[in-house]
Amino acid sequence: MATLLATFASETELERALERFPADRWPALETYSPLPLSGQPEQSPLPALMFAAGMLGFFGFFFLMAYADTQGYPHNIGGRPAFAWPAFIPIAFELGVLCAMVAGFVGYFVVCRLPKLYDEVDEFDGSRRGLCDRWLLCVRIDAAKGLSEAHAIFRTLNPESLEERA
């Protein structure tokens, strides 16, 4: 498997390069940039995941405390009613927030595909400036025909630098 890393000076050049590499023909494309690409959707599943985990945590712990107080261990303490729900709200809220935060923490690592301790892109000379002031396009290719085709496309794009590793 060969890897090509092209360095571009601006976002418009990178977007022009992405147009030449359609995702259905080149599935292993990665971009590295100092800023998010304009026009790219900034959709993340994390807010919905955190909300769902928070609600599940809140209602799950609320019903757990209600079950324990009314069915599991029913005790008449000080003439209190069997189902004293206002006492369950603060702790259920705090445990719901805890569930949301844990889901966000773990979900962040899953969405970002971390921990990824090694990637061959890090060995390229151009990747050192990739997150500072350059726009990078990484193409991973399996076949020799695809490698020659990618080189031909990059020649027409005229990147600042083009590096290849096998």
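1. A residue is called buried when its relative accessible area is under 20%, exposed when that area is over 50%, and partly exposed in between. The structure discussed here is a predicted model, and Ala 17, with a relative accessibility of 0%, therefore counts as buried in it.

2. Ala 17 lies in helix H1, which covers residues 11-20. Leaving aside residues up to four places away in sequence, Ala 17 touches Phe 8, Leu 137 and Leu 157. Ser 33, by comparison, is 16 residues from Ala 17 in sequence, and the two C-alpha atoms are 14 Å apart in space.

3. As to the overall architecture, the protein chain has four helices and four strands, which follow one another along the sequence in the pattern β-α-β-α-α-β-α-β. The radius of gyration of the protein chain is 26 Å, well over the 15 Å that the globule rule gives for 166 residues, so the chain is more spread out than a compact globule. Taken along the principal axes, the C-alpha atoms fill a box of roughly 85 × 30 × 25 Å.

4. Of the 166 residues in the protein chain, 32% count as buried, and the accessible surface comes to about 10,900 Å², with 64% of it belonging to carbon and sulfur atoms. Among contacts between residues at least 6 apart in sequence, 80% join residues at least 24 apart.

5. How many aromatic pairs does a search of the whole structure find? The search finds eleven, and one of them is formed by Phe 21 and Trp 26, an edge-to-face pair with 5.2 Å from centre to centre and 75 degrees between the planes. Both partners count as buried, Phe 21 because its relative accessibility is 1% and Trp 26 because its relative accessible area is 6%.

6. The rings of Phe 62 and Phe 83 have their centres 6.3 Å apart and their planes at 85 degrees, so this pair is also edge-to-face. The pair links distant parts of the chain, with Phe 62 in helix H2 (residues 46-72) and Phe 83, 21 residues away, in the loop between H2 and helix H3 (89-111). Phe 62 counts as buried at 12% relative accessibility, whereas Phe 83 is partly exposed, with a relative accessible area of 40%.

7. Ring pairs link Phe 62 and Phe 83 into a cluster with Phe 58, Phe 59, Phe 63 and Phe 88.

Methods: Residues numbered from 1 in each chain as written. Predicted model: local features only at pLDDT ≥ 70, side-chain atom pairs only at ≥ 80, totals over all residues. Heavy atoms only, no water. Helix = DSSP H or I, 4+ residues; strand = E, 2+ residues; numbered from the N terminus. Buried < 20%, exposed > 50% of the residue type's maximum accessible area, 1.4 Å probe, protein only. Contact = heavy atoms within 4.5 Å. Rg over C-alpha atoms; globule rule 2.2 N^0.38 Å. Areas by Shrake-Rupley, 256 points an atom, 1.4 Å probe, with all protein chains shown as cover. Phe/Tyr/Trp six-rings, centres within 6.5 Å; stacked < 30°, edge-to-face > 60°.
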